[in-house]
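Here is a briefing on one protein model.

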Amino acid sequence: MNETIGKLDDGYNCERCRNKGLIYTTGEDGELLSNECPDCFNVRASLRLLKNSGLEDKTFENFIAKSDWQSGLLRTVKEFAADTSGKWLFIGGQSGCGKTHLCTAALREIIFTKNRSVRILKWVEASRSLKSAVNDSGYASEADVYKGAEVLYIDDLFKGGGNVISNADLRLTFELLDYRYLKGLTTVISSEFSFDKILRADEAIDSS
Ligand SMILES: [Zn+2]
């Protein structure tokens, strides 16, 4: 059964399970046991998340750089994806500049080459419930999924509040990112806000 070719067609080729996602063994009493394939389980779960977020078709190969700065950005992001150790990726800019595409392509590369599991936090959809639950007992578990993820992608950080970054936004972000920074966990962030603007918002809170 382990030799049978499977039907999983998410684009990842696993030699160990031959794209079945399962490894078969026999138990002590001769019964047939199946376990998730350790070589591709994380990869496939992460690819499913990308797909469910509508991000599965964004790759380095199909990114079209329309100007020199986009070519430069593509190079930088590829370097990050090749070696993420101790590094985070932040891309800030207007919608249409390719930041979601490049962040997703980097995630894809990390998923395919490093067998690491990825979580996606779509700020517009998830931040409201996370912020409103900050004082609830349920908060810990909901936030922990993102805090402790091997690789976290925050898509469109601070989007949805107009041109304003609120105290609640900053508190939630600090809660997530401080933990990840201390643990050295790879983090990818896209935002319509520039890095400078985010830093200034943080300073405004610090001094008030
Ligand atoms: Zn496998």
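Arg-18 sits in the segment before strand E1 (22-26). The model is predicted, and Arg-18 shows a positive phi of about 55° although it is not a glycine. Arg-18 is partly exposed, since its relative accessible area is 32%.

**Another positive phi**
- Asp-156 belongs to the loop between E5 and H6.
- Its relative accessibility is 13%, so Asp-156 counts as buried, the cut-off for buried being under 20%.

**The sheet**
- Four strands form an open sheet in the order E3-E6-E5-E4, with parallel pairing.
- Strand E3 (89-92) and strand E4 (118-122) are at the edges. Each has a single partner strand, so one side of each lacks a neighbour in the sheet.
- From one strand to the next, the twist averages 10°.
- Five bridges link E4 to strand E5 (residues 151-155) in the parallel sense.
- Ile-120 is opposite Tyr-153 in E5.
- Helix H2 (residues 68-82) packs on the sheet and touches E3 and E6. The direction of H2 makes about 155° with that of E3.

**Thr-187 in strand E6**
- Strand E6 (residues 186-191) contains Thr-187.
- Is Thr-187 buried or exposed? Thr-187 counts as buried because its relative accessibility is 0%.
- The side chains of Thr-187 and Arg-180 are joined by a polar contact of 2.8 Å.
- A polar atom of the Thr-187 side chain also lies 3.0 Å from the backbone oxygen of Leu-185.
- Beyond its neighbours within four places in sequence, Thr-187 is in contact with Phe-80, Trp-88, Leu-89, Leu-152, Leu-177 and Arg-180.

**Helices H4 and H6**
- Two packed helices are described by the angle and the distance between their axes.
- The axes of helix H4 (residues 123-132) and helix H6 (residues 167-183) come within 10 Å. They cross at roughly 95°.
- H4 and H6 are therefore roughly perpendicular to each other, a class that covers angles of 65 to 115 degrees.
- H4 contributes Trp-123, Ser-127, Leu-130 and Lys-131 to the contact. H6 contributes Ala-168, Asp-169, Leu-172 and Thr-173.
- By class, the contact of H4 with H6 has four nonpolar, two polar and two charged residues.

Key
Residues numbered from 1 in each chain as written. Predicted model: local features only at pLDDT ≥ 70, side-chain atom pairs only at ≥ 80, totals over all residues. Heavy atoms only, no water. Helix = DSSP H or I, 4+ residues; strand = E, 2+ residues; numbered from the N terminus. Buried < 20%, exposed > 50% of the residue type's maximum accessible area, 1.4 Å probe, protein only. Polar contact = N/O pair within 3.5 Å; in protein donor to acceptor, adjacent residues only side chain to side chain. Contact = heavy atoms within 4.5 Å. Pairing = 2+ DSSP bridges. Axes fitted to C-alpha atoms, helices over the stretch in contact; angles between N-to-C directions. Parallel < 35°, antiparallel > 145°, perpendicular 65-115°, else oblique. Nonpolar A, V, L, I, M, F, W, Y, C, P; charged D, E, K, R; others polar.
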